[in-house]
Every structure is written in structure tokens, then in C-alpha cells.
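Good morning, and thank you for making time for this presentation.

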Amino acid sequence: LIRFRDPDSFAVIEPRIRHVQRELERILALVDLEMDGRPVAVNGFRLRELEPWRSYTTNTAMNALTPISGVCNSKCVFCFEEGIPLPREQSLMPVAEARTRLKYYSPEDGRCLFPSNRPHMETFIHPQAVEIIEMARAREPEKLFWITSNGSHFEERTVARLAKLKPIIFKLSLNVVDETLNRELMKTGRRTPIALEAPKLLRKYEVPFMGSIVAWPTLPLTAIEDTVRYLESLEAYAVRIRLPLSHRWLHDQSDADFYARWQEVSELARRLRPQCRVPLFVEPPIYWVNAIVPEVDGVVLHSPAWRAGVKAGDVIRAIDGARVQTRMESEGLLDQAHIDGRPVDLLVERDGELHGFHLEHLTDGEDRYPYNSRYFYRGENYGIFHVEDFRLRYIDEMFQRIEHYGARNVLLFSSKIVAPIFEALVNGIPAFAERLAGVNLYIETVEENTAGGNYDVMDSRFVDDYARIIRARLDQGLPLDLILIPDAFGSPWGMDMGGRSCAEIEQETGIPVERIDWLLVYGREV
Amino acid sequence: MTASAPTFVPPETVAASAERNLHPLVAYVKQRLEALAGLVELEFDGLPVRFDGFRLRNLENWAVSADRSLLDNFGSLSGYCNARCNFCYEFGNPLPYDLTMLGVAEARTRARYFDDSQGRGLIQFAERLDLESFTNPKLVELLTIFRGQDPNHVITLTTNGARLDPPTLAALTGLRPIQLVISLNSANPAERQAIMHDPRAAASVEAVRRMRSYGIPYTGGIVAWPDLAEDDLRRTIHFFDEHGARAIRVSLPSYSQYFSGGQKLFDTKPVWDRLFAVVEEEADRISTPLSAAPYLPRGVAIIPRISGVIPNSPAAAAGVRRGDIVETVGGQPVQSRMHAKRLTACALLASGGVLNLTIRRGDSVLDVLLDDRLDLAADLYPYKPAGYRSPTGYGEVWGSLGGLFLNDDIDLRDLATIPEFARARGAKSVVVMSSSLLADVVSLCFEKSPQLVEATRDLTVIVAVPPHRFWGGNISVGDLYLCEDYIECLRIAEKKLGFRPDLALIPSTFSPNYWTDLAGIPYSEIEARTGVAVDLIPCRRINV
């Protein structure tokens, strides 16, 4: 039931589809197919047995659906998808495909079919979107679904219907509450008012939502502040301000200074956060917070942490008496306690003083919107927000690779935001410093990202960007016996967005190339 | 791309069709399509599309087979036989063959894509055995297509004669020039029926009697299976001699292990020796050229000895006799039998049909003038029937040679390429693959031919005879070797020599397509499995 008309759009997620396509094309250039002696025409194919194609894992039935819409009714000036010269399947997922995907998803182990080749666009532009989400809910009655939308299709009857599918949290791409600015920024057209009213309806039906704001340079800071306040007033679950990214294919090339913009928006967020009754954070989070330090990055309204008086900026020193040293350690302990369904004793440092807090484990009926005690979402339990941070295991695993190869001269790529964090950790933690002895570790940052704009803040998703640098270093006579690249490609096959393989570098240079788990500045969504 | 293009095998019948011997490229396409069809279902505009076969597009890209004539390019006209000979060597043949006949549509397509000037045509898409052409009900139509394209080339058909009824023979006269090889086996209808299970044995014998009246020359064929009584063999030879055969061939009995069920059926050497003696004795008594096949193991190689003279030919008119040895052709001294054949053919062509020979008969040397200038009306049956522009010449690359019958032989020119191959590969030791029929002659050439000795001075040449592991029985022909036989041979050779030879050279004629063996295994497999570099040496097939 999965059909293929443009297999090139599978280059990243399932290159075997493209391989099948290319071989079929080669063969069909040589022969015409026949049935009963008459030629038959062919212009697509579908997989027969789907079981062997369950090559991905995910966490919910909603995510197992993968993008159901490759089109959007907004035309955001900052849209990542805009103008990119890569094959894209701009279509809606047929209900039959959705049904098939749900059928081949196992809630037990998370195995699912490889994703749709559609880019993640506006879900609710799909006329059967709610029906499909209902199907996902039926497949998995309990789990929390996160769904992203611009809200422009959230008429009351739709929200009422979605409210029956709880637990759901929406990521609502509101961006700016001022209608004129919103129309300019998102070009949603006549549905703009519906999108602006969506938070009210979600509040009314007690469907929690996280408001998202892309702080595009044309937005005045006051408009951003107004939008945060608007979302706060409607008891948003959280507010996310995204620092803007620009790439070379955008239709409107902004001549703003994006680095200055990042700084001023971060300062605004820092100023607003203590005043707001909503967890407010900036993306990329690692740019904004103190890395590693187990800070509370936000507190959900009406959550156990909120009720106990925990505040954003508090540094967690102990959980249930156990000493806590890193953000990810804190996250893990809180997640586990939530799964166990027990209260937690917290020791935090605030302004140089230690404070103890008792966090209740609320049960049904004791909790209050937007907090729901039955929700589980990693890094947000008890209402304490922890953003994604560098994990010490990345370094451990990196050393394992180096030791596996017995490599002496290693080239490690890292984004310019993560590189200093890594350096501080690898030199600062004695166990790591010891393992580094005898290894020449060269750290490289991709300064010229194929996507252009300010994409140089993150790890490149283009093989060529790495190949270029490696060639230059080899030409300079740098002896290398291992190359480590953060696995930012979004492909289990190491295929980049242009359909090229990471393995090409290894083939060209003869030096092993390994993809490593690393902190991705923007996550995979961008 | 056209409706008349050849079509192939349906995936639904893969189990049956997978066994068929397709051209390696076509087999590859089929294999890949089947693999893909197991993985994906094809669609057109979103609806599933079923398919059960394929046809090649852009056929001009597939016209890469080198064939002397369109008729050769047709390939086997029928993969069927209507006789059931007791000795049929196809019995138990485990190799996959396509059990089909050539269709008119394919023949037309082949005609369209055949380039006469280049001798290039469409590849054989599927190999079928070359069995009884006359079982193809479209035979006359097929030959008419060929004749329409090529008015002069002699059509040669091998047949068991069971379908040579008067209407068929009449139709064949319309397709002249044509010649037949008729496997009569016995001129005694009862015997023929017993051997071949031909219910119309009497009519078949009668047809041979009438060949002269239709003006169609023929070569008589006898498989001298040990069942065949010696006097019957002698009588059949005389029957052919009396009824105008152009030549007579007595096949020495061969069988594969698949035919015999792994049993040894008889002692080959005494059986072959006796038959060879009978043939030599009868050849001296009759006027028709008579030879045993294979000829070489008992006959004399290299020496340009004339083994017969075709009746009514210029050579017969000039008094040339069996046993004469050619000394010069057109004044040029002759170095070998194949040299004599080449010189004679070229000189006849260059002179427009007149040629001086000197021949040695016993102690005397004779001058002979061959006059091969024949007009259309001249009736010199069987050498050149009336209405034939030129003489026929069964299986003879070099034509009829004015009626001189010189047994086919190894060509020293083919051996001469061996040092070049060794040089190109930088090889110091070379294994030259031969057959038991030719090995002695080949070895002798490397010892005695001054040119070869000189050219291989720095080279270790090992002439090797692979075991016929695949076919077994008493099969001795080199062109029936499979890759596995060569692999086995190289392993034995390495063990015996104590070192691994640098290069193995294999006569190209073992491969039906210059690529794979009869079972479809590419010859690169030999190199892959033994580590010995392998080249095919381009050879002319020898009618042993």
C-alpha cells in the first residue's frame, strides 16, 4: 500500500527505494514489459511485503504515522522547505497508507515502517487529518501525542473532536499574535484569524499547547513580548522562541545581522522568563542555557514543581538525597520517578542558598490544566523543564570508536556551539583526559554550510561540506586514521539531503568515517 | 519495440523457464526483474500492473552477434526432433535448452536487423538445440525470408530425412542454392526404423534415391553405433555412393554419462579403430569422398593429403585422386593442409576459377589444371547442380575447392596468436587447453613449427587436456568443455607442475557466445576460482 512515484524523495530515509527505482529504470530502458504478449506501461511501484521494511523505531502511534501532509497553507518567509533544490513529495498521505503504517507499528517495541517521504508540513490541511489521528489513538489509547500545527484549521468543531483524543499536546506555530504582522510573516491568508484564536479554543477544551515563535528579524521585540504574554494569559503549557535560521534558497533573503538578532532575542527571553508564569525557552536551547549545569529551564503552570515553588534558574543539587551533577542526570532521575509514580524530594540552589522542595505525584483529578499527571514527556516531568543537553556518553562512545580503530590521529567535527562544551568536558573530566592521552584529536567546524545563511551554527547535513574540509586537511599533510562526524543527516544510512552517502568520503580517502551521536544544536526538526 | 520482436518468458512460469538457457544479458535482465518483482509490485497511475514477460527495446543495440549469414543468425530452426535414435546424444542432456522453434515473426525481425556487410545480427536470445529443422511447420516460410534477403548464400540443412516427401522437396528446389546433410544411418528401411524409430523409413530411403532428380546435393550421414552391423554400414556407404552423395560422413560413436547412466558402453579404441579401418577401406573403393568423424585421431594431420574428390567436380575431371598430396598451389609451395585450402580458395577466387596445382602421387609429381569456370546451366551434380551459380560446400569455410576433399585440420595461424597473448599478460608459463583429439598435433606444432618454436623461446608452454568431467562417457570433443572442466584441469596442472601457471588459453569455440560455457557460466569464473589468468584465443571451429 505504499506507493512510489518519486523515489528520489526517499534518498535520505530509505535509499533502497531509490535503488529499486534506479534498477527498474535501467531495466525498463532495455525492455518493455508484457502481459499475455501485449506491452504494458509502468510508471510507479509499491512494496509487496511490508514486514521487512519496518526499519525504524519511534515512540508513539502518532509519530509512526510520520508526516501526513507535505503541503502547507502558510507561506512563512522563514520556511525551511521554501525553495530548497531537493526532491520533495508534496502530497497528502492517503488514509489507506496511514492505516497501513499504523498496522505495521508495534507499540511494544516501537518498530514501524520507514517514514513518509513528505516533508513535515501542515497536518490539518489534510481533510482526513482528524480521522487519521483518531485511528492512531485507537491503535494506542494511552500515550501522549505531540502534534505540530499552525492552528489555522482549528475551528471549534475540530478542536472539540481533537479534545476527545487526549492526551495530546500541540506545538502551535503562532509566531506572532499581531494580525498584520502575522499575515506578513506567515502569509496564511484568510485563515489567519482562526490561527490567532486557536489558543483560546485549545484552552477552552483544555487541550494543552506549547506556543512557538520564530523570532524573524522583521518582528519587533515588543511583538514577541506581546505574543509571549498572549500565550501566557491562555495558560500555554510552554513557550518556545526560536532563534531564526536563514538559508540561501529562501525567497526573501534578509540582510539582517542574524548573530546580533540571536543575542537581542536571547536577552529579551532572559528578561521575560522570571516574569512569566509559563516555561519560556529559546531554541537552540544549548545556545541559551548553561550547558551541563542541572538547571531548571522552566516550570509548567499548576504542575507539582509549580505548586512547590520551584523556579526557572534553580540549580538542582540532589534528588531524593542523591547528588546530581548534570542536567541530563537530573532529567533521568525525574523521568524515572514519574514512571514509578512517586513523590520526589528536591534540593536546589537558588542565589547561593539551598532550598528543599517536595514534589507530589498528583493523581487524576488532583491535577489542573495545563498540567496533566498522566502525561509523560521526557525532560518535562513534575513540570520541570530540562532542555536537551550534551550527554557525557557521547564522549565515552567517541572514545570507544577511537579505541576500536586504535586511531592516533582523529578528526572530529562539531558545531561551533557544541565544540567548546565538548572541549571543556574532555579536558576537565580526568577520566576523559586520560583516554585522550596519545591521541591527536583535531576538532573541525563546518564554516561553509551548503545551505548558506547562518546554518554554520549547526552540524552540516551535507556530505560535501565535510568532504571539502577533509580533502583540504589531507592536502596539508594532516595524517588521519579516523574521521568522526555527528550523525545529523537524519538517515540511518548516512545519506545526506542531496542523496549522497557519508561512505563516499571513506571511499575517496580510504580513512574510516564513523557517524557519532552528538548534541545536535537544533535537533532534527530543522 | 515492435510486435514482431522476440518475446520472453513469463514470471508465472519462472520455475519452468528459469531452467532455460537464455543469453547471459537477457538472463540477467530476467533475473533482476524477477528479484524486483518479488520486492515490489509495479503500477501505472496508481493501479497495479501485472506482467508475465518482456521484450527488448531498441533492438539495434542488440545486433552484436557475428554471423556469416542471416541463416546462421536465425540459429536453430527447431529445438525438436521427430526421430528417436537409439544413440541420440541429447538423451539425458542436463543442460537447459529452450524447447521452441524459430517463429516467422522473429525471423522477420532478425532479417530486419541483420547487417550483411558487417555480418552482424541480433544475438541468440535463448539457446535451443539445433535439432530437426523439418519439424518446424514454418520452415519453408523461414527459408523464403532468408532467400529474399540473400539470393546467393547456400542454405545447408541437416535432417534425418523423415520429412523429405515430394512436396517438401519440390518446395526446397524453389529455395536453391540449397544442400542437405541427411542422417540416413541405414539404407535398409527395417534397420533404419529399428535405429531411429522412423515409421516412414522406406519413404526416407526413397527420398535419398530421388535427391538427384530434384537437383539438391546432399551429404550422407551415418552414425556407426556399435549396434549397426558392419555389412549394413558398408551397404549404406555404397547406397550413398550410388545415389549421388556429394560426400559421406561416418560418425564414430560417442556418448555422454547422461546417456549411458554412468556406464561404460564399449571400449572406444577398438570400436573406433575397426570403424576407421572400414571407412578407409571403403573410401578406396568408391568415388564419393568418405571420411570418419572425428577424423583426426586416426588420420594424418597437417599434411595436405587429399582424402577424396567430389564426383563431377573439376578435380575429378582433372584426374585428381584420393591420396594425392598437394605440393604447390598456383606455384606457391604448400606448408600445411589448412594452408593448401586457403591458397586454393584464394587462388580460385583471384583467377576467376582457373588454377594450376602440383600434386605428388607416390614417387611422381603431376601438374593439374582445375577449371572451375562453370555457367549457371552446367549440371555437375552433386558438385554443382544446374541452376546453381557456384558449387556447394558443406561446412567448408573455403568453399568447394574445385572438388578437392581435404579433411578439416588445426590451423597453425590460430596457434600463432598464443605468444601474443602471453606477452600481453606478461606470462612466462602458459597452459594451452586442447582436447584429446588434438593434443598430440598441438604439441607437435610447438615442437616442430619453426615459427612457433622461435616465438615461444622464452615461454613455458604446457598443452593440457582437461578431463571431460561434466559430460563423461567417451566424449572427446574440445568444444564441449565446461568451465568446471577447465578449473579441474588447472588444479591438476598446478599440482603436477609444482607452480601456478601464469596464463591459461582456451579456444574460443568452447563458448557459444564468447562469454559463457554451454551451461551459462562465464569463463571469468575459471580465473576467479583458480587464480590463473584466462584468455580466449579466437579460433575457427574445426570439423574434426
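Before the regions themselves, a word on naming: helices, of at least four residues, and strands, of at least two, are DSSP runs numbered from the N terminus. Please also bear in mind throughout that this is a predicted model.

With that naming in place, let me begin at a loop of chain A. Pro167(A) sits in the loop that lies between helix H5 (156-163) and strand S8 of chain A. The peptide bond joining Lys166(A) and Pro167(A) is cis, with omega at about 0°. As a reminder, most peptide bonds are trans.

Strand S8 leads us to the sheet. In chain A, five strands make an open sheet with parallel pairing, in the order S7-S8-S9-S10-S11. Strand S7 (145-149) and strand S11 (280-283) of chain A are at the edges with a single partner strand each, so one side of each has no neighbour in the sheet. On average, and with direction ignored, neighbouring strands here are turned by 20° against each other. Between S7(A) and strand S8 (residues 168-173) of chain A there are five bridges, and the two run parallel. Within that pairing, Trp146(A) has Ile169(A) in S8(A) as its bridge partner. Packed on this sheet is helix H8 (residues 221-233) of chain A, which touches strand S9 (209-214), strand S10 (238-242) and S11 of chain A. The direction of H8(A) makes about 175° with that of S9(A).

Which residues have the most contacts inside the largest nonpolar core? They are Phe170(A), Ile241(A), Phe390(A) and Ile402(A), in a core of 157 residues. Leaving aside neighbours within four places in sequence, Phe170(A) is in contact with residues including Phe124(A), Ile147(A), Phe154(A), Leu162(A) and Met210(A). Another core, of 88 residues, lies apart from the largest one, and Ile178(B), Val278(B), Leu437(B) and Ile542(B) are among its members.

Two further places in chain A deserve attention. His302(A) is not a glycine, yet its phi is positive, at about 65°. For context, most residues other than glycine have a negative phi. His302(A) belongs to the loop between strand S12 (298-299) and helix H11 (304-308) of chain A, and with a relative accessible area of 4% it is buried. Is Gln21(A) buried or exposed? Its relative accessible area is 12%, and since buried means under 20%, Gln21(A) counts as buried. Not counting residues up to four places away in sequence, Gln21(A) touches Pro7(A), Asp8(A) and Phe45(A).

Next, the contact between the chains. Chain A contributes 28 residues and chain B contributes 30 residues. About 2,700 Å² is buried between chain A and chain B, with 56% of that area given by carbon and sulfur atoms. On the chain A side, Glu34(A), Arg46(A) and Arg48(A) lose the most area to chain B, and together they account for 23% of what that side buries.

Five of its five residues are buried, so S19(B) is largely enclosed by the rest of the structure. How are the two faces made up? In a regular strand the side chains alternate between the two faces of the sheet. In S19(B), Leu503(B), Leu505(B) and Pro507(B) are buried on one side, and Ala504(B) and Ile506(B) are buried on the other. Strand S17 (residues 429-433) of chain B pairs with S19(B) in the parallel sense over three bridges, and Val430(B) has Leu503(B) as its bridge partner. S19(B) is also joined by five bridges to strand S20 (residues 533-537) of chain B, again running parallel; there, Ile506(B) stands opposite Leu536(B).

Helix H2 (residues 24-39) of chain B has 16 residues and spans 23 Å from its first C-alpha to its last, close to the expected 22 Å. Its buried residues include Val26(B), Val29(B), Lys30(B) and Leu33(B).

Finally, two loops of chain B. The peptide bond from Tyr381(B) to Pro382(B) is cis, with omega near 5°, and Pro382(B) is placed in the loop between strand S15 (364-371) and strand S16 (404-405) of chain B. Ile302(B), not a glycine, has a positive phi of about 65°, and is found in the loop between strand S10 (290-293) and strand S11 (308-309) of chain B.

Thank you; I welcome your comments.

Technical notes
Residues are numbered from 1 along each chain as its sequence is written. Chains are lettered from A and ligands numbered from 1 in the order in which they are written. This is a predicted model: local features need pLDDT of at least 70, side-chain atom pairs count only at pLDDT 80 or more; totals for chains, interfaces and linings use all residues. Side-chain values use heavy atoms; hydrogens and water are left out. Two strands pair if DSSP finds at least two bridges between them. Axes are lines fitted to C-alpha atoms, for helices over the stretch in contact, and angles run from 0 to 180 degrees between N-to-C directions. Contact means heavy atoms within 4.5 Å. The expected span of a helix is 1.5 Å times one less than its number of residues. Buried means under 20% relative accessible area, exposed over 50%, partly exposed in between (1.4 Å probe, protein chains only). A nonpolar core is a set of buried Ala, Val, Leu, Ile, Met, Phe, Trp, Tyr and Cys residues joined through side-chain atoms within 4.5 Å. Buried area is the accessible area (1.4 Å probe) that two parts lose on being put together, summed over both.
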